[in-house]
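Student: I have a model open and would like to learn how to read it. Could we go through it feature by feature?

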Amino acid sequence: MSPNQKRLKFVCFAIMIVGLLEILAGAFLISGSPLAAGMRIPVGDAAYDGMIAAEVLGAVGVVAGVYCLCVGASGARVANSPRKIGAFRMIDIILVLVAVVEFALGVMSGQLPWVEALIAVLGIVALLSANAAHNELLD
């Protein structure tokens, strides 16, 4: 296994771990738990009833977390055989886009969601690692 394949596998396991964290954060937001406060950093002076926004962000978080688990598992499999990178590229790009949209929703609701930012960064690193492993295989 090449260094690029190992990096891809490591990043995909990290995506799965962060996906589990995202599922927990979403569940905490949906339930209105005070434990969700650590997942988001308040920005500015948010003077509104954020319960509906928290429930929407929580539901999106749970769905995004499950999707992170799927992307991570798919990427870990692709790390073993980089020839099958096509489907992984597509679902990883979708993961990055969802993370960016969820980050924007969080910022608009007066929060700075660091978990979504981490997912976006890990998704980009996974995509770059997968491309490097695929190109290495072609050479």
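The dialogue below goes from confidence to helices, core and surface.

Tutor: This is a predicted model, in which local features need pLDDT of at least 70, side-chain atom pairs count only at pLDDT 80 or more, and totals for chains, interfaces and linings use all residues. Residues are numbered from 1 along each chain as its sequence is written, and side-chain values use heavy atoms, with hydrogens and water left out.

Student: What is the average pLDDT of the protein chain?

Tutor: pLDDT is the predictor's confidence in each residue, from 0 to 100. The protein chain averages 82, and 84% of the residues score at least 70. Confidence is highest in helix H1 (residues 3–31), at a mean of 89, and lowest in strand S1 (residues 40–42), at 56. Where pLDDT is low, the predicted coordinates should not be read in detail.

Student: How many helices and strands does the protein chain have?

Tutor: Helices (H or I, at least four residues) and strands (E, at least two) are DSSP runs, numbered from the N terminus. Here there are four helices and two strands. Along the sequence their pattern is α-β-α-α-β-α.

Student: What comes just after H1?

Tutor: Gly 32 does, with a positive phi of about 75°. Gly 32 sits in the loop between H1 and S1. H3 is followed by Gly 110, whose phi is also positive, near 90°.

Student: Which residues of H3 are buried?

Tutor: Buried means under 20% relative accessible area, exposed over 50%, and partly exposed in between (1.4 Å probe, protein chains only). In H3 the buried residues are Phe 88, Asp 92, Leu 95, Val 96, Ala 99, Glu 102 and Gly 106. Over the protein chain, buried residues make up 40% of the 139 residues. Phe 13 lies in H1, and counts as partly exposed because its relative accessibility is 41%.

Student: How many residues are in the largest nonpolar core?

Tutor: A nonpolar core is a set of buried Ala, Val, Leu, Ile, Met, Phe, Trp, Tyr and Cys residues joined through side-chain atoms within 4.5 Å. The largest one has 20 residues, and those with the most contacts inside it are Leu 8, Ile 15, Phe 88, Leu 95, Ile 119 and Ala 126. H1, helix H2 (51–80), H3 and helix H4 (114–138) each supply at least two residues of this core. H4 gives the most, with six residues.
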